[in-house]
Amino acid sequence: MKKILFILSLVILTSCGSTAKVAQNEVPRYNANFDYTPPERANPRSADITIALLNPVFADKNPNLRVQPYSTFIENMADDFEEMLIAKGFSLRGPFKNRDEMVYGDKKNSDIALEIRISLKDEGNLQLKKQTNWAQAISKNAPNHYTVSGTFYHFGNIIIEATDPFTGEKFWKKTISLPRKEIMAQGNKTWTGKPTPRQLMSEDTGVYNPTAKALEGYYQEAIKTAWRHIDVNEMKMIKTEIQKSKQN
């Protein structure tokens, strides 16, 4: 049904620019399960509520979250929220990248706008270990080679808000905690020069795979909790509140 994964803000390695790498034995990428199947399905449109869905976004402006596995994590979550809402009997408009993408007709014909933001923090860091090689023994100007390993942690929350499709006024909010997860990485590449965080995640499965496995756990926890919190009867009350606010 979907794609594959999500990425980290390693509090490390401030080196900039690209670096060459010396490949060792390749380890396949872990194919994380960023997919959710609703446990039950109501009759189509039985809720009598039309929701304008805004695609989930990362709340933190961290460029490292734009690469896999983080990028696939967020893309798949958009797909699964759409499937979840339909399974609960809601009618759907969108999903939209943001509120500005909604035209007048989208806002007018929607009862509620649903916005999802993921705040993902990290703590700890990875360490570079310099590797000695024959070239350095011959020349002091030879480039340094490094491997990477260490332990870091992810934590944060997912925020779901029901808002007025026209004004963006908030009428309902749920926060789903993402508990602190330990990620132990042991790089399987030797790098010529210091790699950037994006390179480590993109090219070293010794970093990518444990991160992907941690995100897989977050994904299932978050979607299952969202399923429990997004209740049709509660959304009907919110629909009424939004309608009343427009009459004042």
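Is Phe166 buried, exposed or partly exposed? In this predicted model, Phe166 is partly exposed, with a relative accessible area of 34%. Phe166 pairs with Tyr104 in an edge-to-face arrangement, and the structure holds four aromatic pairs.

**Overall fold**

- The protein chain has six helices and eight strands.
- Read from the N terminus, the elements follow the order β-β-β-α-β-α-β-α-β-β-β-α-α-α.
- Among contacts between residues at least 6 apart in sequence, 82% join residues at least 24 apart.

**Burial and surface**

- The protein chain has 248 residues, of which 50% count as buried.
- Its accessible surface comes to about 12400 Å², and carbon and sulfur atoms account for 48% of that area.

**The Phe34–Phe73 pair**

- A pair of aromatic rings is described by the distance of the centres and the angle of the planes.
- For Phe34 and Phe73 the ring centres are 5.4 Å apart and the planes stand at 85°; planes over 60 degrees apart count as edge-to-face, so this pair is edge-to-face.
- Phe34 lies in the loop between strand 1 (21-22) and strand 2 (50-54), while Phe73 belongs to helix 1 (residues 70-87).
- The pair therefore ties together parts that are 39 residues apart in sequence.
- Phe34 has 2% relative accessibility and so counts as buried.
- Phe73 is also buried, at a relative accessible area of 1%; the cut-off for buried is under 20%.
- Phe34 and Phe73 form one aromatic cluster with Tyr219.

**The Tyr104–Phe166 pair**

- The rings of Tyr104 and Phe166 are 5.7 Å apart centre to centre, with 65° between the planes, and the pair is edge-to-face.
- Tyr104 lies in helix 2 (residues 104-108), whereas Phe166 is in the loop between strand 6 (145-163) and strand 7 (170-186).
- Because of these positions, the pair ties together parts that are 62 residues apart in sequence.
- Tyr104 is exposed, with a relative accessible area of 57%, whereas Phe166, at 34%, is partly exposed.

**Lysines over tyrosine rings**

- The charged end of Lys181 sits over the ring of Tyr218, at 5.3 Å from the ring centre.
- Lys213 lies over the face of Tyr30, and its distance from the ring centre is 5.2 Å.

Definitions and conventions:
Residues are numbered from 1 along each chain as its sequence is written. This is a predicted model: local features need pLDDT of at least 70, side-chain atom pairs count only at pLDDT 80 or more; totals for chains, interfaces and linings use all residues. Side-chain values use heavy atoms; hydrogens and water are left out. Rings of Phe, Tyr and Trp (its six-membered ring) pair if their centres lie within 6.5 Å; planes under 30 degrees apart count as stacked, over 60 as edge-to-face and the rest as tilted. Helices (H or I, at least four residues) and strands (E, at least two) are DSSP runs, numbered from the N terminus. Buried means under 20% relative accessible area, exposed over 50%, partly exposed in between (1.4 Å probe, protein chains only). A charge sits over a ring if NZ of Lys or CZ of Arg is within 6 Å of the ring centre and within 35 degrees of the ring normal. Contact means heavy atoms within 4.5 Å. Accessible areas come from the Shrake-Rupley method with a 1.4 Å probe; for residues, only the protein chains shown count as cover.
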